[in-house]
Structure formats: C-alpha cells, structure tokens
Amino acid sequence: MALGVVSAVTYGIGPVLIKVALEDMSATTLLLYRLVLAAAILWALLALAGRLRETPRGARLWIGPLTLGAVAYGGQMTLFALALERVSASLVVILFHTAPIVVVAVTALTGRERLTRLRLLALGVGVGGVAVVAASSGELRAEPLGIVLAVGSALAYAGVVLGSDAYSGSIAPLPLSVLLATGAALALLLAAPLAGAGTPGSVSGWLLVVAIAASVGVVGTTALLAGVAMIGPSLASILLTLEPLVALLLAWIALGEHLSALQLTGGALIVVAAFAAHRAAAEPVPGASLA
C-alpha cells in the first residue's frame with residue numbers, strides 16, 4: 001500500500017514539473033529525454049546494486065518486457081500528450097483514470113483477483129473523486145480524436161499494470177522497470193526524427209528533465225511495479241487515483257492555484273477510496289499469478 005501511495009505521489013508531482021518544463025521545450029523533446037534519462041538512471045542503479053544478473057537470461061526473454069515498454073509504457077505517455085493537444089486537460093484526466101476500471105474488470109474476468117464489495121467501493125469512489133476534481137478544474141472541451149487518444153492512453157496504462165503483473169513472478173520490480181523504460185526509450189529514439197524532437201534550451205530545462213525522469217520514471221514506475229507484485233494490479237491501479245489530488249495540492253502550494261469547494265470534495269472522495277483500498281488489501285484474495 002505504501003509503495004502504491006509513493007507511486008501516486010511521484011506521478012502527481014509530474015504534471016507540475018511538466019507544466020514548467022514545457023515553457024522551455026516541446027512535449028516531444030521532453031518525452032524523449034525523460035525516457036532516455038530514466039532508462040540510463042535505472043541501468044546505473046541496477047549495476048550499482050549488483051543486480052544485473054537479475055535481468056532475464058537469453059535474448060528471447062527480453063522481447064516481452066521490451067515490447068511492453070515500447071508499446072504500452074511509451075504509448076501511454078505519447079497518447080496522453082497527444083490527447084492534451086486536442087482535449088481539455090480536465091477531460092483527459094477523467095478519461096485516463098478509467099484505467100482502474102479496465103484493470104479490475106480484466107483481473108475479475110480472468111480469475112486473477114476476486115471482485116469484492118470493498119474493491120468496488122474503492123474503485124467507484126476513487127474514479128468518481130477524480131471526475132469531480134477534474135470537472136471542477138476547467139472546461140470539459142471535447143474533440144472526437146482527442147477522446148479516442150485519451151481512452152487509448154488509459155487502455156495502454158492498464159496494459160502496463162496487467163503486463164507487469166504477468167511478469168512479477170519471474171522478474172523483480174527494478175529489473176522490470178529497467179526493461180520497460182529501455183523499450184519505451186528505444187521506441188521514442190526511433191520516432192524522434194519523424195516527431196521533430198529537439199533538445200532542452202537551457203540548464204534549468206535539463207534540470208527539470210532530470211527531475212521528471214528521476215521522480216516519475218525511476219521512483220514512480222519502480223514503486224508501481226513493486227506495488228503490483230505485492231497487492232495485485234487492481235488495488236495498485238486504484239491507488240493511482242490519488243495522483244490528481246497530489247497534483248492539485250502541489251499546484252495550490254507551488255503555483256498558487258485556487259482550490260474550490262468542489263475540488264476539495266473530490267479530493268476527500270479520493271482519500272476515502274484510498275482507505276477503502278487499504279481495507280480491501282487486507283482481505284484474502286484467492287487467485288494465482290498470470291505469470
């Protein structure tokens with residue numbers, strides 16, 4: 001549970017840092033260097049910890065995690081960024097945080113996890129709280145392509161959670177984070193010439209990229225994968241509904257943005273969902289790993 005909260009907090013920090021970084025560079029540039037630096041930091045941590053041998057043995061066993069990173073992990077961030085160009089941020093947040101619904105549905109249908117009333121309560125209240133926070137934060141501007149991209153980002157994120165659960169029995173969280181980040185970085189490097197990626201234009205821009213890569217790409221992703229391995233994919237994904245609440249509080253503290261009563265109500269619902277998820281984590285949940 002603590003790892004799930006850590007992941008949500010670091011992912012919540014991301015939007016505030018990204019908002020500042022985008023004043024210095026394009027979204028494509030930020031995404032590219034964020035992924036490349038995150039992969040480099042993770043490889044360095046793996047080597048310093050003396051855990052390089054924990055990576056899969058044989059090239060064939062690398063294909064799955066690298067593909068998951070390139071398609072789902074990298075795809076989620078790319079689709080999210082593209083959706084923001086066509087749909088209001090509030091609507092993108094609402095649509096993206098339907099991902100826990102997908103995760104809970106898949107795990108229940110496959111028998112991976114039991115669908116209990118507490119899990120349903122945590123899911124419903126959490127997603128509802130996100131909707132209230134996002135809807136009260138701005139105009140819900142809609143465009144069909146943008147909606148499709150936002151939903152695609154949610155599905156890709158659900159794929160990351162479910163895919164990491166499938167590998168959790170055979171690959172430890174840190175090596176798995178390394179492979180996901182590497183796959184995503186390689187995919188973005190190949191696409192960079194077509195996307196017109198440049199370089200950060202200042203020292204402060206580079207520092208922001210490093211901060212985003214380290215907080216979200218290293219700490220956030222590794223904590224998420226460890227949480228999935230320990231409490232299962234559905235509860236780990238439900239806890240990530242804390243992300244908009246963290247982003248909202250940081251925007252209030254760091255950027256001086258106003259908090260409305262409706263936003264505070266949505267935040268309270270998200271906190272209730274986190275407590276419900278905590279109680280649900282203590283329930284016995286039968287089911288074997290997908291690995």
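## Helix H5 against helix H7

In the predicted model, helix H5, residues 99–109, and helix H7, residues 144–167, have axes that come within 8 Å and cross at roughly 45°, which means that H5 is oblique to H7. The crossing of these two helices is right-handed.

On the H5 side the contact involves Ala99, Val102, Val103, Val106 and Thr107, and these meet Ala154, Leu155, Tyr157, Ala158, Val161 and Leu162 of H7. Sorted by class, the residues of this contact comprise ten nonpolar and one polar, with no charged residue.

## Helix H4 against helix H7

Helix H4, residues 89–96, also packs against H7, here at an angle of about 35° and with the axes 8 Å apart; the crossing of H4 and H7 is right-handed. From H4, the residues that make the contact are Leu91, Val92, Leu95 and Phe96, while H7 supplies Ile147, Ala150, Val151, Ser153, Ala154 and Tyr157. Nine of the residues in the contact of H4 with H7 are nonpolar and one is polar, and none is charged.

## The surroundings of Ser234

Ser234 lies in helix H10, which spans residues 233–239, and Ser234 counts as buried because its relative accessibility is 1%, where buried means under 20%. Leaving aside residues up to four places away in sequence, Ser234 touches Val103, Val104, Thr107, Glu113 and Arg119. With one of these, Glu113, the side chain of Ser234 forms a side-chain to side-chain polar contact of 2.4 Å. Val103 and Thr107, both touched by Ser234, are also among the H5 residues that meet H7.

Note on methods. Residues numbered from 1 in each chain as written. Predicted model: local features only at pLDDT ≥ 70, side-chain atom pairs only at ≥ 80, totals over all residues. Heavy atoms only, no water. Axes fitted to C-alpha atoms, helices over the stretch in contact; angles between N-to-C directions. Helix = DSSP H or I, 4+ residues; strand = E, 2+ residues; numbered from the N terminus. Parallel < 35°, antiparallel > 145°, perpendicular 65-115°, else oblique. Left-handed = near helix turned anticlockwise from the far one by under 90°. Contact = heavy atoms within 4.5 Å. Nonpolar A, V, L, I, M, F, W, Y, C, P; charged D, E, K, R; others polar. Buried < 20%, exposed > 50% of the residue type's maximum accessible area, 1.4 Å probe, protein only. Polar contact = N/O pair within 3.5 Å; in protein donor to acceptor, adjacent residues only side chain to side chain.
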